[in-house]
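This report describes a single protein chain in plain terms. Look at the sequence and the structure before reading on.

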Amino acid sequence: MATAFSFAQTILFSKTSLSIRTNGLRSFSFCLPFSSSSAASISSDKLQSKKWRQPVASVLELGGVKIAKDDVLRDDPTNNVPDTIFAKLGMQLHRRDQHPIGILKNAIYEYFDTNYSNQFDKFDNLCPIVSVKENFDDVLVPADHVSRSYNDTYYVDAQTVLRCHTSAHQAELLRRGHTHFLVTGDVYRRDSIDSTHYPVFHQMEGVRVFSPSDWEASGTDGTTYVAGDLKKCLEGLARHLFGAVEMRWVDTYFPFTNPSFELEIFFQEKWLEVLGCGVTEQEILRRSGKTDNVAWAFGLGLERLAMVLFDIPDIRLFWSNDERFTSQFSSGQLGVKFKPFSKYPPCYKDVSFWINEAFTENNLCEVVREVAGDLAEEVQLIDNFTNKKGMTSHCYRIAYRSMERSLTDEEINKLQWNVRELVQSKLNVVLR
């Protein structure tokens, strides 16, 4: 389960996981979130019956289905997907065997294949465009949960989002009869700008379903038995990835599991949260037709773990095509330590403005990313005050830095000027 309560970099399964998104694109109702073979088998007649529009601009192929840019970046009042996010669709870093994200994914696959005799079905090419129902409702995310807001989630339209977590596919996989599965994919969330946060990241979710015959001989109830199996499984995974490390379990809360836990390891002289997990809420299983079963689920953020295992200091590096980065990693080589190839100085610029009631920091970060892309290293609130008239002022410091070259004063000044212009026009704030 990797939703806005995901175990991977969102809000629910782990404090460092991502959020929840759904599969609601009406014109994408045929964009099956499963194997590319099933998607490719859809006839052209059926595509036309779904009012599929011929690609006219940039085109992606996701899960075997071609998607036009204007089907994602819609002229819809609820659409908040920018060009910079559309550009990340289909890049699928987790499917690149010589990329740190792909290397880590394959190392986790190896653990499950070895210890569970290839019982787990693997899905890593599911369509990231999902419905609100799939992204939130199916995993019991409350209707008023913050992860559903336009401030946190990328909406294609009112009923369709870019998934916030890989848990968006859980209910459908359960309904299709899968009882052991791993889902890996790119997930999307509007977020802050710093070295550990990025609006696109990758999660893996694991689910295992048990039948009464599995626990009846143990002398314990199903929940106790499944929780014990879950902890044993994940402790083994942690040792597989990190070696003989000290571990501890922390009780926590997620809306889709009960009981719920976080696993922490003592690594490099500090406690590190690895993942979130728990015994799946019975309501989720009941809706999937599994009334007599008990299940466990876990979710983890691949970037978070890869940054630790490979000593990668900045999350933006995962998206670099610079050979000085990509050439350092090889398929099957988990934990090769990244050697920094440059350290260009940052350039700091401040922007101050009077905010309005609709202002949010995530909206500001979206504007900065739209202008500067990955040259924006950090956006930090450094000052705020409220005057006697009740008007509130915020001052943000933007750090610009390229990981591949030195930026010129002319470049930085142009970026900052464009940021100021766009902040004023898009966020309706008053510059100071």
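## The chain as a whole

The model is predicted. The chain holds 14 helices and 16 strands. Of its 432 residues, 56% are buried. The accessible surface of the chain comes to about 18300 Å², and carbon and sulfur atoms account for 46% of that surface.

Contacts can also be sorted by how far apart the partners lie in the sequence. Among contacts in the chain with a separation of 6 or more, 67% are between residues 24 or more positions apart.

## Helices α5 and α9

How do α5 and α9 pack, and at what angle? Helix α5 covers residues 100-115 and helix α9 covers residues 222-242. The angle between them is about 130°, and their axes lie 10 Å apart. An angle between 115 and 145 degrees is neither roughly perpendicular nor roughly antiparallel, so α5 is oblique to α9. The crossing of α5 past α9 is right-handed.

On the α5 side, the residues that meet α9 are L104, A107, I108, E110, Y111 and F112. Their partners in α9 are K232, C233, G236, L237, H240 and L241. Sorted by class, this contact of α5 with α9 has 8 nonpolar, 2 polar and 2 charged residues.

## F112, a residue of α5

F112 sits in helix α5. Is F112 buried or exposed? Its relative accessibility is 1%, so F112 counts as buried, the cut-off for buried being under 20%.

Apart from its neighbours within four places in sequence, F112 is in contact with S117, N118, F120, L182, C233, L237, W296 and F298. One of these, L237, is 125 residues away from F112 along the chain, yet the C-alpha atoms of the two are separated by 8.3 Å. Both C233 and L237 are also listed among the α9 residues that meet α5.

## Helices α13 and α14

A second pair of helices can be described in the same way. Helix α13 (residues 361-372) packs against helix α14 (residues 409-427) at an angle of about 140°, with 9 Å between their axes. The two helices are therefore oblique to each other. As in the previous pair, the crossing is right-handed: α13 passes α14 in this sense.

The residues of α13 in this contact are N363, L364, V367, V368, E370, V371 and A372. From α14 come L415, N418, V419, L422, V423, K426 and L427. The contact of α13 with α14 divides into 10 nonpolar, 2 polar and 2 charged residues.

## I412, a residue of α14

I412 is part of helix α14. With a relative accessibility of 2%, I412 counts as buried. Which residues does I412 touch, if those up to four places away in sequence are not counted? They are C347, K349, Y400 and L407. K349 lies 63 residues from I412 along the chain, and their C-alpha atoms are separated by 8.5 Å.

## Helix α11

Helix α11 covers residues 302-309 and is mostly covered, with 7 of its 8 residues buried. The buried ones are L302, E303, L305, A306, M307, V308 and L309. After α11 comes D311, which has a positive phi near 60°.

## Backbone exceptions

Most residues other than glycine have a negative phi, and most peptide bonds are trans. Some places in the chain depart from this pattern. The peptide bond from N258 to P259 is cis, and its omega is near 5°. P259 belongs to strand β10, which spans residues 257-267.

Q268 is not a glycine, but its phi is positive, about 55°. Q268 is located in the loop between β10 and β11 (270-280). Its relative accessibility of 46% means that Q268 counts as partly exposed.

N428 also has a positive phi of about 55° although it is not a glycine. Where is N428 found? It is in the loop between α14 and β16 (430-431). N428 has a relative accessible area of 58%, so it is exposed; the cut-off for exposed is over 50%.

Definitions and conventions:
Residues numbered from 1 in each chain as written. Predicted model: local features only at pLDDT ≥ 70, side-chain atom pairs only at ≥ 80, totals over all residues. Heavy atoms only, no water. Axes fitted to C-alpha atoms, helices over the stretch in contact; angles between N-to-C directions. Helix = DSSP H or I, 4+ residues; strand = E, 2+ residues; numbered from the N terminus. Parallel < 35°, antiparallel > 145°, perpendicular 65-115°, else oblique. Left-handed = near helix turned anticlockwise from the far one by under 90°. Contact = heavy atoms within 4.5 Å. Nonpolar A, V, L, I, M, F, W, Y, C, P; charged D, E, K, R; others polar. Buried < 20%, exposed > 50% of the residue type's maximum accessible area, 1.4 Å probe, protein only. Areas by Shrake-Rupley, 256 points an atom, 1.4 Å probe, with all protein chains shown as cover.
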